[in-house]
Amino acid sequence: MRSPWYGERVVNIRDELTLGLPLPAGSLPVEWRVSDALMPYEVALAAMDARVADIAAGHAGELVWLLEHPPLYTAGTSADRADVLETRFPVFDAGRGGQMTYHGPGQRVVYAMLDLRKRGPDVRRFVASLEEWIIRTLGRFNVRGERRENRVGVWVRRPEKGAGYEDKIAAIGIRVRHWVTLHGLALNVDPDLTHFTGIVPCGVNEPRFGVTSLADLGRPVSMPEVDMALRGEFGALFGPTADQTVGSTENDSPGRLRSS
């Protein structure tokens with residue numbers, strides 16, 4: 001099916017994939033972790049690298065880590081540094097797939113460290129499942145998110161801005177190491193959207209494609225509410241979760257942890 005908007009397909013190949021990558025029966029639940037304090041990017045990368053190495057070696061279980069970063073830009077492996085229009089914030093090489101993106105307060109960043117050796121070594125299905133996770137989460141707030149064939153992430157139609165206008169509400173960028181996933185997604189809850197103007201987000205520079213958030217769409221929800229929705233929708237696609245065990249000696253996540 002084709003949209004009247006510039007002939008773009010509304011239904012794309014990722015819609016036809018089997019969604020979800022559940023664990024085999026009897027597997028341990030995924031650890032669910034929420035950090036309250038703003039997390040320095042380099043600290044998060046180091047912690048994620050260490051945890052993924054432990055998962056790959058069989059020394060640790062899977063982890064979903066929810067956090068916020070201070071304002072910064074990250075460059076994926078396909079990034080063009082010319083897409084940094086104004087160096088308003090630090091720029092980090094992320095090592096993930098994708099191009100330039102922004103992270104900052106009011107944006108829920110989710111790092112998903114999942115073992116595809118157990119779940120199924122299918123990266124396209126994993127990306128489509130991440131998109132579906134966001135779409136279902138947005139649905140809890142009466143927002144219709146959609147995927148697009150030529151643009152990874154989740155988009156919202158904005159007909160009030162003009163014919164064919166859409167805004168991106170969530171970005172996805174991943175890496176897979178030894179079939180364990182790194183990085184994940186960034187959902188705009190209530191960030192300062194002007195911070196995106198310092199870059200060409202994800203290399204998309206057509207005027208009809210912008211950036212939005214739940215707050216911008218008239219959905220002023222709190223971060224804990226978003227976290228609850230994310231956790232509620234995660235289970236159907238990826239399996240059960242559990243809070244970090246009290247008294248754990250792991251030290252790869254600065255900041256206080258809380259249960260959703």
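Guide: This is a predicted model. A network of salt bridges links Arg144, Glu146, Arg148, Arg151, Arg157 and Glu166.

Visitor: What makes the contact of Glu146 and Arg144 a salt bridge?

Guide: The cut-off is a side-chain nitrogen within 4 Å of a carboxyl oxygen. For Glu146 and Arg144 the N to O distance is 3.0 Å, so by that cut-off the contact is a salt bridge.

Visitor: Is Glu146 buried or exposed, and why?

Guide: Buried means under 20% relative accessible area. Glu146 has 7%, so it is buried. Arg144 has 61% and is therefore exposed, the cut-off for that label being over 50%.

Visitor: Why is the bridge of Arg140 and Glu233 said to tie together parts that are apart in sequence?

Guide: The closest N and O atoms of Arg140 and Glu233 are 2.8 Å apart. Arg140 lies in the loop between helix H3 (123–139) and strand E7 (146–148), and Glu233 lies in helix H4 (residues 223–238), so the bridge joins parts that are 93 residues apart in sequence. Glu233 counts as buried because its relative accessible area is 14%, while Arg140, at 46%, is called partly exposed.

Visitor: What makes Tyr73 and Phe89 an edge-to-face pair?

Guide: Two values describe any pair of aromatic rings: the distance of the centres and the angle of the planes. Pairing needs centres within 6.5 Å, and edge-to-face needs planes over 60 degrees apart. Tyr73 and Phe89 give 5.6 Å and 65°, so both conditions hold. Tyr73 is in strand E3 (residues 72–75) and Phe89 in the loop between E3 and strand E4 (91–93), so this pair connects parts 16 residues apart in sequence. Both Tyr73 and Phe89 are buried.

Visitor: How do you know that the buried residues of H1 line one face of the helix?

Guide: The buried residues of H1 are Tyr41, Ala44, Leu45, Ala47, Met48, Arg51, Val52 and Ile55. Viewed down the axis of H1, they fall within an arc of 165°, so they line one face.

Visitor: Why is Arg208 called buried?

Guide: Its relative accessible area is 10%, and the label applies under 20%, so Arg208 is buried. Arg208 forms a salt bridge with Glu206, with the closest N and O atoms 3.1 Å apart. Glu206 is partly exposed because its relative accessibility is 38%.

Notes
Residues numbered from 1 in each chain as written. Predicted model: local features only at pLDDT ≥ 70, side-chain atom pairs only at ≥ 80, totals over all residues. Heavy atoms only, no water. Buried < 20%, exposed > 50% of the residue type's maximum accessible area, 1.4 Å probe, protein only. Helix = DSSP H or I, 4+ residues; strand = E, 2+ residues; numbered from the N terminus. Arc of directions from axis to C-beta. Phe/Tyr/Trp six-rings, centres within 6.5 Å; stacked < 30°, edge-to-face > 60°.
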